[in-house]
Amino acid sequence: MNRHKLVILSRSFAKACDDPLRYLDENEIDYELVRNDEPENIEFIAQKIGDAQAVITGSDIIDRYVMDHCPNLKLVSKHGVGLDSIDLKLAAERGITVTKTPDANNESVADLTVMLMLSVLRNFVDNLIKCPTPDWHSKGLSNDLYGKTVGLVGYGKIGKAVAKRLVGFNAEILVSDPFVKESDFVTENTRLVSLENLLRYSDIVSLHVPLTEATFHMIDKEALDMMRDGAILINTSRGALVDDHALYQALIAGRLKGVGLDVFSVEPPVDEPLLTLHNVVATPHIAPHTMEANYRMGMAAARNVVEFFRKEDAAEK
């Protein structure tokens, strides 16, 4: 295969081990490992990609400016599944292929989703021991996950993985997803309902949809008002699915028991009011950040690069 130039911007690419890098070497891909700490700095991104034909991205923005300044770019290989940081329409117009790594982090995200459910239910923040001389007293009674009604907004592979984990908690599962039918369910005790009924009848609402124009702020004041008193919201998908201001108001009004967030509308969430509340359990977008998922994502992203250029080389012969 001809030598091809690749720039790796994803901060977590090949963090678990060097196998993805060795795979690129074995397939004669010339790469520069940047690990960009400024994923929203489009000038820096364009400068680093330069005349490369391919880039492996994390949350790095690939927009019109980047494409205009990188005329040789043919492939954007996403190290992950969310494509909201890439101008997909413009990429298609310019013949730039965009790939992602489906299935690589489903189980890892599902694990963290359930962990956040348990953390909010059990008042984890209030009861966390933070010093060598702890206050050895419960900060009030908490709640079980066992037997709760959990609403899954979105029933793709991650939603299904969450549903499987909830079987052991004897949870009733409500699903809202316009693209699935009841025959798609992977667990018993599951019902397909409208989003409105899911919000009204769930003890816990967990979001598992991509960020699109249609899903932007899908959980707004109106949606939050539909949720039952004392309900919990979990978001391990994309921050902008939720209107942060409306969520903050619902929490300080005591309408919700709490929230578990791995994602925010702006990351990092500097001066974010939600982080001042005791009933917000927050993590820094770490749902896919396990050794196992990192390996799977790295190898998948590297394979996407190799397979793309292998097809290109074959077409030129």
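A polar contact is a pair of N or O atoms within 3.5 Å; within protein, one must be able to donate a hydrogen and the other to accept it, and residues adjacent in sequence count only if both atoms are side-chain atoms. This is a predicted model, in which local features need pLDDT of at least 70 and side-chain atom pairs count only at pLDDT 80 or more, while totals for chains, interfaces and linings use all residues. Residues are numbered from 1 along each chain as its sequence is written, and side-chain values use heavy atoms, with hydrogens and water left out.

Colour domain 1 (5-102 + 291-316) and domain 2 (105-282) separately; the bounds come from an automatic or database domain assignment. Their centres, taken over C-alpha atoms, are 31 Å apart.

Next, select the boundary. Here 8 residues of domain 1 are in contact (heavy atoms within 4.5 Å) with 5 residues of domain 2. Between the two domains there is 1 residue pair in polar contact, both at pLDDT 80 or more. Helix α11 (residues 291-316) gives the most to the domain 1 side, with 3 residues; helices are DSSP runs of H or I, at least four residues, and strands are runs of E, at least two, numbered from the N terminus.

Select Asp-84 and Arg-238. They form a salt bridge, with the closest N and O atoms 2.8 Å apart; the term means a side-chain nitrogen of Lys or Arg within 4 Å of a carboxyl oxygen of Asp or Glu. The count between the domains is 1 salt bridge.

Finish at Lys-78 in strand β4 (residues 75-78). Among the residues that Lys-78 touches are Thr-57, Leu-83, Arg-238 and Ala-301.

How values were computed. Lists of a residue's contacts leave out its neighbours within four places in sequence.
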